[in-house]
Amino acid sequence: MTFFYLEALAAIAVSLSILMAGAWVVRARTGNSGWVDTIWTFSLGLVGAGSALWPVAGATPNARQWLVAGLVAIWSLRLGVHIAIRTAGITDDPRYAAFASEWGVDSPRKMFIFLQNQGFGSIPLVFAIFVAARFPSAALRFQDCLGALILLIGISGEALADAQLANFRFVPANQGRVCDVGLWRWSRHPNYFFEWFCWLAYPVIGLSLGDPLSYPWAFPWGLATLLAPLFMYWILVYVTGIPPLEEQMLRSRGDRYRDYQARTSKFFPLPPHNGATA
């Protein structure tokens with residue numbers, strides 16, 4: 001059984017590497033880095049759903065495998081289509097454009113390495129999906145339904161945050177202002193928060209809330225599902241999510257964004273307040 005999980009891990013790594021190499025080609029030919037995130041999202045959906053449905057010893061996928069595959073497919077389609085529509089309306093993503101400008105003539109090589117690292121870093125996310133789909137229980141449990149509900153809440157919250165931001169930007173009078181309406185009044189990045197929230201679904205499905213004396217040793221691989229929310233939080237809050245976006249907002253909005261930072265929680269939705277936030 002250990003070999004089966006290691007084999008799946010290797011297949012996930014190779015698949016993501018190939019797909020992110022494709023993202024590099026698309027970015028190089030179009031000059032629009034926004035397609036990188038579009039391809040990344042669809043790649044996670046494709047490889048995640050495929051890994052969830054991967055048969056064990058020739059057996060047909062069970063109900064939990066289909067549920068997990070369906071959840072990651074819904075997540076991927078919603079976010080991927082949203083990013084694709086946004087990308088079609090811009091000439092380049094400012095975050096990736098800043099990287100390319102910093103790298104100069106060595107940009108193509110460094111961008112390829114960057115995207116391969118992005119694919120490599122996505123392995124824990126897909127592996128969590130793979131493991132959650134293989135919880136050793138023949139029938140669906142309450143936890144499976146709870147996990148599905150968590151993911152659907154996350155998708156709905158992220159979609160609402162995206163819609164509120166789009167509506168704010170659509171008003172000409174808001175040009176140059178900072179969106180602080182709706183969910184954006186409670187968090188500077190509510191879309192990122194709900195994106196992270198989605199990934200809590202897989203530990204809920206892949207771990208047992210039953211007898212602590214018999215678990216997790218009955219299914220130790222289930223602990224790997226914890227990597228998904230932990231890794232996503234680190235990526236969003238400390239690496240490619242909030243830091244470059246806030247740097248760009250400070251350049252374009254200046255003191256308006258500093259005032260927004262002072263009264264609004266960075267990640268977790270909290271009531272607005274006076275003073276700096278973490």
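The model is a predicted one, where local features need pLDDT of at least 70 and side-chain atom pairs count only at pLDDT 80 or more, while totals for chains, interfaces and linings use all residues. Residues are numbered from 1 along each chain as its sequence is written, and side-chain values use heavy atoms, leaving out hydrogens and water.

Let's start with the whole chain. You will find 12 helices and 0 strands (DSSP runs numbered from the N terminus: H or I of at least four residues for helices, E of at least two for strands). The C-alpha trace spans about 60 × 45 × 25 Å along its principal axes. Of the 278 residues, 46% count as buried (under 20% relative accessible area with a 1.4 Å probe, counting protein chains only; exposed is over 50%, and partly exposed lies in between).

Now look at helix H3, residues 63–88. Its 26 residues should span 38 Å at 1.5 Å a residue, and the end C-alpha atoms are 37 Å apart, which agrees (the expected span is 1.5 Å times one less than the number of residues).

Phenylalanine 42 lies in helix H2, residues 34–53. Because its relative accessibility is 32%, phenylalanine 42 counts as partly exposed.
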